[in-house]
Each structure stands twice: as structure tokens, then as C-alpha cells.
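Reader: I have a two-chain model open and would like to talk it through. Could you take my questions as they come?
Author: Gladly, go ahead.

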Amino acid sequence: MDLHLSSTQKIETGAQPVMDDHRRIHPGWLRLMHGLNALAVLILVGSGWRIYNASPLFGFEFPGVITLGGWLGGALNWHFAAMWLLAVNGLLYLLVNLVSGRLWHRFFPLSFHALFVDLRDALHGHLSHADPRRYNMVQKAAYLFVMLDSVLLVISGLVLWKSVQFPLLGELLGGYETARYIHFFAMSALVGFLVIHVAMALLVPRSLLAMIRGR
Amino acid sequence: MKTPFPHAKDADLIVRNALGGLEAPARRAFLRGAVTLGGLSMLTGCSISDDTSVEAMLMKISRFNDKVQAWLFDPNRLAPTYPPSMITQSFPFNAFYSENKVPVVDADRFRLEISGKVADRHAWSLPELLALPHTEQITRHICVEGWSAIGRWGGVRFSDFLRLVGADLSAKYVGFKCADDYYTSIDMPTALHAQTLLAFSYDGEPLPARYGFPMKLRMPTKLGYKNPKHIQAIFVTNTYPGGYWEDQGYNWFGGS
């Protein structure tokens with residue numbers, strides 16, 4: 001205990017847990033993980049597009065300026081470096097959420113009816129963000145979707161990286177060539193989420209500030 | 001703190017040199033820059049990609065990935081094999097040069113040189129090599145570019161050949177030098193894998209020039225650039241030999 005605290009400071013300190021609960025929306029560990037995940041995703045998508053260009057699955061290529069790595073070898077090195085960041089950070093995130101029960105009380109129960117209502121409200125531009133510590137049903141569904149999509153990206157990525165060493169995963173995804181398409185479409189879904197996610201954060205700046213400052 | 005990494009003593013010379021050249025405040029600024037949003041937007045530009053310290057960090061992670069792959073590699077796990085009906089029609093040609101630059105190797109004068117940590121260093125003629133026990137495989141060739149193709153290769157098990165020449169099987173690397181000036185090297189566990197073939201034939205025919213006449217090393221457990229064509233010399237060594245693409249930044253282990 002610091003004995004030099006003034007009485008007002010003591011009162012403030014004593015009141016802090018209540019104040020904290022009232023004002024803090026995202027804890028520090030979550031904001032850090034969110035930032036690291038954003039960094040990993042940007043690197044993986046940018047380098048992934050350059051790798052895609054080496055042997056395009058479809059009749060288009062990503063413009064070189066929006067890719068990362070400069071050439072195939074550089075892009076692969078970025079990709080296989082950032083995969084560790086995504087995987088370790090992602091596993092820790094899931095672990096903390098599962099063990100603490102946060103996953104359960106933040107994202108469940110899901111309701112199709114509520115999703116429909118919230119989606120309609122969102123499209124009409126008056127979705128309530130009155131309590132930013134509670135996710136609305138659209139947010140719950142979107143964040144759960146992006147978690148599952150990330151898991152799919154990691155699994156299909158493992159098949160592409162090590163199809164011989166992970167034969168069961170390979171069979172589960174229909175083999176190496178199918179895994180390429182799964183990896184691509186899972187990336188597309190992630191980028192689609194990212195566009196909406198960033199747009200929403202800019203439309204509701206309070207939510208963006210909450211993820212940066214915690215309140 | 002003098003050094004940004006606790007293991008700087010053991011770290012690559014490159015990394016030490018690259019980071020050692022920066023004054024402490026500059027180093028901190030670099031590390032801070034790497035995690036800010038400003039640094040994030042810079043990642044897409046070429047300035048930070050060309051930065052030598054970033055390059056050194058990526059190469060260190062690539063060396064770490066070599067170790068992870070060596071650990072993941074199961075010497076007894078076989079790559080999938082396929083029925084003849086699944087062989088890719090017109091298997092792609094791929095090299096660091098175009099198809100009209102494929103080297104012409106004189107079969108009669110050809111000798112395969114063996115050197116390094118081996119007991120028998122005699123040079124092999126093609127008839128001698130073709131007399132060795134023959135194995136066939138139909139496996140998937142996966143290119144680092146992402147595409148894959150199924151082909152049928154035949155030749156001698158490389159592990160049998162290494163034993164035949166009395167290679168030191170406890171050595172770390174097997175290196176290859178090729179008629180097209182390509183060169184590469186592999187780890188000993190992969191060299192001894194049951195599906196690693198010194199291949200002389202493709203789809204029942206002598207290996208065509210575009211696929212690597214007179215021989216290529218066929219490994220379904222590694223990416224295409226690790227499978228050298230037009231092999232002229234094989235050596236066993238404990239000194240890291242690198243490779244044509246590997247020296248430019250491709251991952252050395254290149255396993256699949």
C-alpha cells in the first residue's frame with residue numbers, strides 16, 4: 001500500500017473497479033491481440049496475393065502495388081513468417097476466450113430472429129450501439145464467422161504448406177488442389193469481412209476508439 | 001541494452017551486422033515503427049521490404065522454418081500415389097530459363113561425378129546407372145508457384161544408391177550440380193526417404209531433355225525447385241551447400 005496517497009486519490013482508487021467496469025469496453029490483452037491479428041492478416045493477405053499471382057487460379061491477377069514481398073520468394077518469406085503470428089496469436093485468443101468463458105457469454109446464445117432484426121436495423125442505418133460492451137446479433141454472427149473462417153484458412157494453409165505431412169487434413173479438404181480453392185475463397189470471405197468491419201468501425205467511431213484506447 | 005535480441009550471440013552474422021550498423025535510438029525507432037499503423041502502411045511499399053534488417057529477420061524465420069520442417073518430416077510417411085489414369089496430360093515444363101534453352105547432354109560421354117563424404121568416388125556412365133534396380137512411382141509434383149501435376153517417374157532408390165557408393169549417411173547434406181548450371185541441396189533424412197528416386201525415366205520412356213535428361217532427383221516430399229534436373233555431380237557434405245533459388249531467398253528445406 002502506498003501510504004502517501006491523498007484522501008481524494010484513495011477515494012478515486014477505491015472507486016476504480018466500478019469506474020473501470022463502467023468505462024472499459026475492451027481489456028488490454030484483447031486490444032493487443034486484435035492489433036497483432038490485424039498486422040498478421042494484412043501481411044498474409046498482401047503476400048498471399050503475390051503468391052497467387054505466380055500461378056493464378058482464375059483469369060485475373062492482383063495488381064502488384066497492392067501486394068507484399070516484391071517477388072514470389074519475398075512474398076513466401078513474409079507469408080511463412082506472418083503465419084506464426086496469426087497461429088500463435090489466434091490460438092492464445094481462442095484459449096483465453098474458452099477458458100475464461102468470454103466466448104460463451106459474449107457470443108452466445110445466437111438467435112436467427114435477432115440476427116434478422118438487427119441486420120434489418122443495420123441496413124436502415126439505426127442499429128443500436130447503446131451498450132458497446134454488448135455485441136448485437138450481427139456482430140456476434142460476424143465475429144464468430146471470422147473466427148471459423150480463420151481456422152479454415154489455417155487448416156487449408158497447412159494442407160498447402162505440408163500436404164504430405166498432414167494427410168488426414170488433406171483428405172478432409174479434398175486434396176491439395178481443392179485446398180488451394182478453399183484457401184482462396186476463405187481469404188476472399190476474410191477480406192469481405194474486413195471491408196465491412198472497417199467500414200462499420202468508421203461509421204461508428206466510438207467502436208474504433210474503444211478498440212484502440214479500451215474505452 | 002546493447003543488443004535488441006537476447007540471442008544475438010548465436011544469431012546470424014547478417015542480422016548482427018545489419019542491426020549493429022544502427023545506433024540504439026534508430027534501432028528502437030525501427031522496432032517501434034514495425035508495430036505502429038504507420039509501419040503497417042509502409043509494409044506495402046517497397047522501402048521496408050528492401051530494408052536489409054527486415055530481410056535479415058525474414059531469413060532468420062526461414063531458417064527457423066527449415067528446422068520446423070525437418071522436425072515435421074516423417075521419414076516413414078509416404079506421399080500419396082495415384083493410378084495411371086490420373087497422370088497429368090502434357091506435364092508442364094518449368095525452369096529458370098525457357099524451353100529452347102534446355103541443355104543437350106551427350107549420353108555416350110556422360111559421367112556422373114560423386115564426391116565428398118563417400119567411399120567410392122568413381123564416375124558413373126549411363127549404362128552402369130541404368131543397370132541399377134528400378135522402381136516406379138506415380139506421385140504429385142507440387143511447384144512453389146502453387147500449381148501441381150501428377151507424373152510417373154522411374155529410377156533407382158536414392159537411398160540404395162547412396163549406400164552403394166558408401167556415402168556417410170550421418171552427413172547433413174547431399175548436394176547436386178546440374179548441366180544447366182542449376183544447383184541445390186537436400187537434408188539426409190529426405191535423401192534416404194523410400195520415395196526419393198534418382199530418376200532416369202518419365203512415363204516409361206528415357207527422361208526427355210525438357211524433364212531433365214539424363215537424370216533428375218525425384219522427391220514427392222519436396223517442392224519442385226528441390227528436384228534438380230540434368231544432374232552431373234552429387235556430393236555428400238556437412239557444409240551447407242545452398243541452392244540456385246535458395247540463395248536468392250526461397251526456403252531451403254522446401255518440404256511438402
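Reader: Which residue in E6(B) is the bridge partner of Tyr173(B)?
Author: Tyr173(B) has Asp187(B) as its bridge partner in E6(B). Before we go on, this is a predicted model, in which local features need pLDDT of at least 70 and side-chain atom pairs count only at pLDDT 80 or more, while totals for chains, interfaces and linings use all residues. Residues are numbered from 1 along each chain as its sequence is written, and chains are lettered from A and ligands numbered from 1 in the order in which they are written.

Reader: In what sense do E5(B) and E6(B) pair, and over how many bridges?
Author: Strand E5 (residues 173-178) of chain B and E6(B) pair in the antiparallel sense, over five bridges. Two strands pair if DSSP finds at least two bridges between them, and the elements themselves are DSSP runs numbered from the N terminus, helices being H or I with at least four residues and strands E with at least two.

Reader: What order do the strands of that open sheet in chain B take?
Author: The order is E2-E1-E10-E5-E6, five strands in an open sheet with mixed pairing. Its edge strands, each pairing on one side only, are strand E2 (124-125) and strand E6 (183-187) of chain B.

Reader: And chain A, how many helices and strands there?
Author: Chain A has nine helices and zero strands. Of its 215 residues, 24% count as buried, where buried means 20 or more other C-beta atoms within 10 Å of the residue's own, exposed 12 or fewer, and partly exposed in between, with C-beta atoms placed from the backbone.

Reader: Switching to the interface, how many residues does each chain give to the contact?
Author: Chain B gives 30 residues and chain A gives 26 residues, a contact between two residues being C-beta atoms, placed from the backbone, within 7 Å. On the side of chain B that touches chain A, the largest share, five residues, comes from H5(B). That side divides into 14 nonpolar, twelve polar and four charged residues; Ala, Val, Leu, Ile, Met, Phe, Trp, Tyr, Cys and Pro count as nonpolar, Asp, Glu, Lys and Arg as charged, and the others, Gly among them, as polar.

Reader: At roughly what angle do H3(A) and H5(B) cross?
Author: The axes of helix H3 (residues 72-100) of chain A and H5(B) cross at roughly 70° and come within 9 Å. Axes here are lines fitted to C-alpha atoms, for helices over the stretch in contact, with angles from 0 to 180 degrees between N-to-C directions. H3(A) and H5(B) are therefore roughly perpendicular, the class for 65 to 115 degrees, whereas under 35 counts as roughly parallel, over 145 as roughly antiparallel and the rest as oblique.

Reader: Which residues meet there?
Author: Asn77(A), Trp78(A), Phe80(A) and Ala81(A) in H3(A) meet Leu58(B), Ile61(B), Ser62(B) and Asn65(B) in H5(B). By class, that contact has five nonpolar, three polar and no charged residues.

Reader: Is His230(B) buried or exposed?
Author: His230(B) counts as buried, with 24 C-beta neighbours inside 10 Å. Although not a glycine, His230(B) has a positive phi of about 50°.
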